[in-house]
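Dear colleague,

I am passing on the structure we spoke of, and below it you will find my notes on what came out of it. Please read them with the model open beside you.

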Amino acid sequence: MFHLAPFYRALRRLRDSEFAGVTTLVALALPVLLGATGLVFDINRGYQQRAINQRAADMGALAAAMAYSNTSNTAVLTPTAQDIARANGLVGATVTAALVNNFPAAGQQAVRVTVVEQVPVTLSRVLGVAGSYSVQAQALASLSASGAVPCYLALSPASDAVTVSGGGTITLPSCALAAIGTIANTGALIQGSEIISGQGSVSTTYGTLTAGKVRYAGSFTAPAWNTNVPPVQDRIQGATTLSDPWANDPTRVAAMGLIGQATSIPTLANPTTPTGGANWNFTSSNPTGQVATWRQGTSSSYVVPAGNYTVGRIDVAGGVSVTFTSGSTIRIRSGFFNSGSSVNFGNSDVYVNGGFNSGSSGVTFGNGVLWIGSGTVTFAGTNTKGTGDVTINATVSLGGGQNLTMGAGNHSFARLVIAGGGTARLGAGNFLARTGISIDGNSELSLGAGNVLIGSHTDGHAVRLAGSGRFFMGDGTYASVGHILTAGGSRLVFGRTNNHFLNGNLTISGAVLFGRGRYTINGNITNSTGGTVWPYTSSLTGITYGSTLEGTSVSGYDQAGIDVTFVLAGVMNLAGGARTILYAPTATVTGGEIGELLLSSASTAASSWDAGSNNRFAGTIHLPNSVVTMTGGNSTVASKCLSLIASKIAVSGGAATGSACAKMQSVNGSATGGTAVRLVG
């Protein structure tokens, strides 16, 4: 813009002169012509200067907007625009910059830069025009209208979508706290790169709000005396669109569809033991029948040659030792009962119906098949089994000081009960406990690598661990039907597999390690642990568990999982003194863990995190229908993200922290890749 008034005044004086004659007109003709030419020249100079000013204004507005986006400080606006003007040769220009609210739309902001340059009059002086005229240009650059990327997102439109009370704090220095509804701070602190209420209001009482911007559709409320709030220019009234970025994610939706899928627990059969065959009584004196021929002289030792045997019942009397030569097949129809000093079946296939009792001295089985049918089965003392498949269609109970060791092979039990310091160590191979596992205090079950399938006991539990009970699994598929319940002091280790299927609640009061993979749980996760932390070295196997998982130290934690995703029908509750470290994977594995997703559930049940400030999560916790209440907080992991999506978020104690995961950048109303700056006028 420039001004032509001086030119017009000179022409009017010439027109209004009554005394100008022909001579005067002729005399004046040449100056007028020269003046007209000068007028055109000076006007063109004004247009040229305006183009220069406009370029400087455009560049200055963009630069000032970017500087403000990085600092949220209006003091940087004019100096930044002036630097740009000088760089474009406008040394003496007047350059100003200011923040404009509710432009280009309600709730949005822009930076306006104005450049004014004085252009001196040159050839127009012949018409009496002197001095200079001003040429002005203006530009507006919009700031990101949609706000920073949120890491905490409350989807409820209610008046208590996010509440902070008591001594609770939410600290999100690198990302935004966002809610569709109202955000209310009656606690200590809410800190975020931005605080966004998409459809509601933002309020605080005595607490602190720290943010580069506060965006709200309704109102901003704070006591006049509370100066610990963003300044007026950083409060922007206007609606912001927010949505759940995981709602329609196809991988997550497909994973949710697998919750509660039918897991078939196979029945176990009894072995075939034909009728006929005499009873075998191994005694220290007066053996009868065929047994007598195997006695070693007059001793109490017997050696049974290799062969295929069908027997009614076998009894081994006190003080007697029996050895079966390897290569035998032994079928016992009416039970095996040992009171002797030792029994060794060698590398033989053994089939037993009618009950089994190893006696206090225990029994040794070599390599081969072991199949025991229904009835009372007792493994007392120390019992060993080499490689080969084992099927026991009965409850196996191990008591105080009783130990069972089996080599590689598939191991199937109707039920397994270990108590009083008993132990069972099973080699690599598939494992089945048709009606569950119960492990009492200071007792241990250790499995090698292989698939694990556990059914439910009549009490509804697939696995029960009493205080200091231990259950360690190797890598392999996992499925259980029934709840898992562990008591304080216990230890539970899941192996690595693509997808673990748990059809029931997982309630942990001891320590647990989650091997890499997805956990599809038709129930809740509750961790009320405290005091039982990793690592732990098994005296049974010599293996140390819980120093690291997937290269990450988990020492000092009681619940740990690295590269894990939990897909639940219920919710996750943390209580007591739980020290939890759970990291989501960085990438999706087909049929397994889901990249960046730590936990997802559609449950409407409330989720309570009361476990102190020792929880370290990485990934997105997705509970869109649940009210998440935190009294213990959680901590952000360096170089990893932590995002929470819930219906409502209530923090009443502890420090809740987080950072934005990449998926959160697709929240409607969120900037992608930083602040968006563009010219809008």
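Is cysteine 661 buried or exposed? Cysteine 661 is buried, because its relative accessible area is 1%, which falls under the 20% cut-off for a buried residue. Please keep in mind throughout that this is a predicted model.

First, the chain as a whole. It has 5 helices and 61 strands, and of its 681 residues 51% count as buried. Among the contacts with a separation of 6 or more, 42% are between residues 24 or more positions apart. The chain exposes about 25700 Å², and carbon and sulfur atoms supply 53% of that area.

Next, the disulfides, of which the count comes to 2; with bonded cysteines counted along the chain, they follow the pattern 1-2, 3-4. As a reminder, a disulfide is a covalent bond between the sulfur atoms of two cysteines.

The partner of cysteine 661 is cysteine 641, and the distance from S to S in this disulfide is 2.0 Å. The pair links distant parts of the chain, 20 residues apart: cysteine 641 is in the loop between strand 58 (616-630) and strand 59 (642-651), and cysteine 661 is in the loop between strand 60 (655-657) and strand 61 (678-679). The torsion about the S-S bond of cysteine 641 and cysteine 661 is about 90°, and the disulfide is therefore right-handed.

Cysteine 151 belongs to strand 4 (residues 150-154), while cysteine 175 sits in the loop between strand 6 (169-172) and strand 7 (176-179), so the bond ties together parts that are 24 residues apart in sequence. The link of cysteine 151 and cysteine 175 is right-handed, with 55° about the S-S bond, and both of these cysteines are buried.

Turning to the helices, helix 3 (residues 77-87) has Leu77, Thr80, Ala81 and Ala85 as its buried residues. Seen down the axis of helix 3, these residues fall within an arc of 140°, so they line one face of the helix. An α-helix has 3.6 residues a turn, so residues three or four places apart point the same way. After helix 3 comes glycine 89, which has a positive phi, near 90°.

Leaving aside neighbours within four places in sequence, alanine 56 is in contact with Ile84, Ala85, Asn88, Leu90 and Val115, and Ala85 is one of the buried residues of helix 3. Alanine 56 and aspartate 83 are 27 residues apart in sequence, and their C-alpha atoms are 9.8 Å apart in space.

Among the strands, strand 36 (residues 444-447) has Glu444 and Ser446 pointing one way and Leu445 and Leu447 pointing the other way, and all of them are buried. In a regular strand the side chains alternate between the two faces of the sheet. Strand 36 runs parallel to strand 33 (residues 423-426), to which 4 bridges join it, and alanine 424 stands opposite leucine 445 there. Strand 36 also pairs in the parallel sense with strand 39 (residues 470-472), over 3 bridges, where phenylalanine 472 is the bridge partner of serine 446.

Strand 56 (residues 597-601) is largely enclosed by the rest of the structure, because 5 of its 5 residues are buried. Strand 56 pairs in the parallel sense with strand 53 (residues 564-568) over 3 bridges, and leucine 599 is the bridge partner of phenylalanine 566. Strand 56 is also joined by 3 bridges to strand 58, and these two run parallel, with serine 600 opposite histidine 622.

Finally, threonine 532 lies in the loop between strand 47 (525-527) and strand 48 (536-537), and it counts as buried because its relative accessibility is 12%. The side chain of threonine 532 reaches the backbone nitrogen of glycine 489 at 3.3 Å. Not counting residues up to four places away in sequence, threonine 532 touches Gly489, Ser490, Arg491, Ala511 and Asp558.

With best wishes

Methods. Residues are numbered from 1 along each chain as its sequence is written. This is a predicted model: local features need pLDDT of at least 70, side-chain atom pairs count only at pLDDT 80 or more; totals for chains, interfaces and linings use all residues. Side-chain values use heavy atoms; hydrogens and water are left out. Buried means under 20% relative accessible area, exposed over 50%, partly exposed in between (1.4 Å probe, protein chains only). Contact means heavy atoms within 4.5 Å. Accessible areas come from the Shrake-Rupley method with a 1.4 Å probe; for residues, only the protein chains shown count as cover. A polar contact is a pair of N or O atoms within 3.5 Å; within protein, one must be able to donate a hydrogen and the other to accept it, and residues adjacent in sequence count only if both atoms are side-chain atoms. A disulfide is a pair of cysteine sulfur atoms within 2.5 Å. The arc is that of the directions from the helix axis to the C-beta atoms. Two strands pair if DSSP finds at least two bridges between them.
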